[in-house]
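The following note sets out several points on the model shown below.

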Amino acid sequence: MGQVNVVNHPLVQHKLTLMRSEETTTDNFRRLVREIAAMLTYEATRHLPVEHISVKTPVATCQSAVISGKKLCLVSILRAGNGMIDGMIDLLPGARVGHIGLYRDPDTLEPVEYYFKVPDDIAEREVLVVDPMLATGNSAVAAIARLKKEGVSSIHLVCILGAPEGVKNMTDAHPDVPITLAAIDQGLNDHGYIVPGLGDAGDRIFGTK
C-alpha cells in the first residue's frame, strides 16, 4: 500500500494512546485531536512544491524556499472532521475550508450526503480531505468521488485512525489518493466501529455522549 503513510512518530503515538482512553475528558480529547491533526498535516504536506525567493535577513541576502504550486483547501467530512481543522489551520493559515455533510445509514452503513459547500475554485486547488476515523471508508470514498465530480484532481486523505477494511476500500476505490494516518487498528465490529479504536470521535469531540 504505497499510497498509505502511517505516522509512527513517538509523539503522535503517545497522544493517540491518550485519546484512546475512556477516561480522557472532552476538553483534553479535543486538544489531542487538534495536536495530532497538526502533526499529520506536517507529514501530508511533505510533497508540496517550493520555489526560492530572495530574502534579506539582518545579516545578509539569501535565496530561501516558500511553498508554490496550487493553493490549498481543507475539506472536512462533517461533523467529526471539524475537530481536526483548527490544528491544520495552525500550520496552513491561508488554506480555504470546505465541508461535506455525510451521515451513515445505520442499516446499510452507506453514506448519505446532506450538505456540500466548497470554494468556487475548488478544481484549481490541492485538497486535503479530513476525517478522524477511516472505519468502513464509505464516507471518505463518497466524499472524494464528489470532489472528483467537481473537477478536483489533487486530493490527499488525512485521518487519525483507520481500520484495514476502510483502508482497502479507499485504496480500491481511489488508488490515486494518498492516505496519511496515525495508526491502523485490528478491524471493525458488527456496528462498523474500529476495534480497539477510541469510540465515536464526533461524540467525544463535541461531548454528545
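1. Arg-146 has a relative accessibility of 22% and thus counts as partly exposed (buried is under 20% relative accessible area, exposed over 50%, partly exposed in between, with a 1.4 Å probe and protein chains only). Its salt-bridge partner is Glu-150, with the closest N and O atoms 2.7 Å apart; a salt bridge here is a side-chain nitrogen of Lys or Arg within 4 Å of a carboxyl oxygen of Asp or Glu. Glu-150 is likewise partly exposed, at a relative accessible area of 35%.

2. The model is predicted, so local features need pLDDT of at least 70 and side-chain atom pairs count only at pLDDT 80 or more, whereas totals for chains, interfaces and linings use all residues. Residues are numbered from 1 along each chain as its sequence is written, and side-chain values use heavy atoms, with hydrogens and water left out.

3. In total, the structure holds 12 salt bridges. One of them links Asp-203 to Arg-79, with 2.7 Å between the closest N and O atoms. Because Asp-203 belongs to helix α6 and Arg-79 to the loop between β4 (72-78) and α3 (82-91), this pair ties together parts that are 124 residues apart in sequence. (Helices, H or I with at least four residues, and strands, E with at least two, are DSSP runs numbered from the N terminus.) Asp-203 is buried, its relative accessible area being 11%, while Arg-79 is partly exposed at 35%.

4. A further salt bridge joins Asp-172 and Lys-168, whose closest N and O atoms are 2.6 Å apart. Both residues lie in helix α5 (residues 164-173), four residues apart, or about one turn of the helix.

5. Which residues does the UniProt annotation "binding site" cover? According to the unreviewed entry, they are Ile-194, Gly-199, Asp-200 and Ala-201; such annotations may be inferred rather than shown by experiment. Ile-194, Gly-199, Asp-200 and Ala-201 from this set are also in the lining of the largest pocket. (On a 1 Å grid over the protein atoms alone, a pocket is an open set of points where a 1.4 Å probe fits, with protein on both sides within 12 Å along at least five of seven lines; lining residues have an atom within 4 Å of a point.) Asp-200 sits in the loop between β14 (194-195) and α6 (201-206) and is partly exposed, with a relative accessible area of 27%.

6. Strands β8, β10 and β12 form an open, parallel sheet in the order β8-β10-β12; two strands pair if DSSP finds at least two bridges between them. β8 (133-134) and β12 (183-184) are at the edges with a single partner strand each, so one side of each has no neighbour in the sheet. Two bridges connect β10 (residues 161-162) with β12, and Gly-162 is opposite Ile-184 in β12.

7. Strand β2 (residues 50-56) pairs with β3 in the antiparallel sense over seven bridges, the two forming a hairpin with four residues between them. Within this pairing, His-52 has Ala-65 in β3 as its bridge partner. Val-66 is also in β3 (residues 61-67) and, at 30% relative accessibility, counts as partly exposed.
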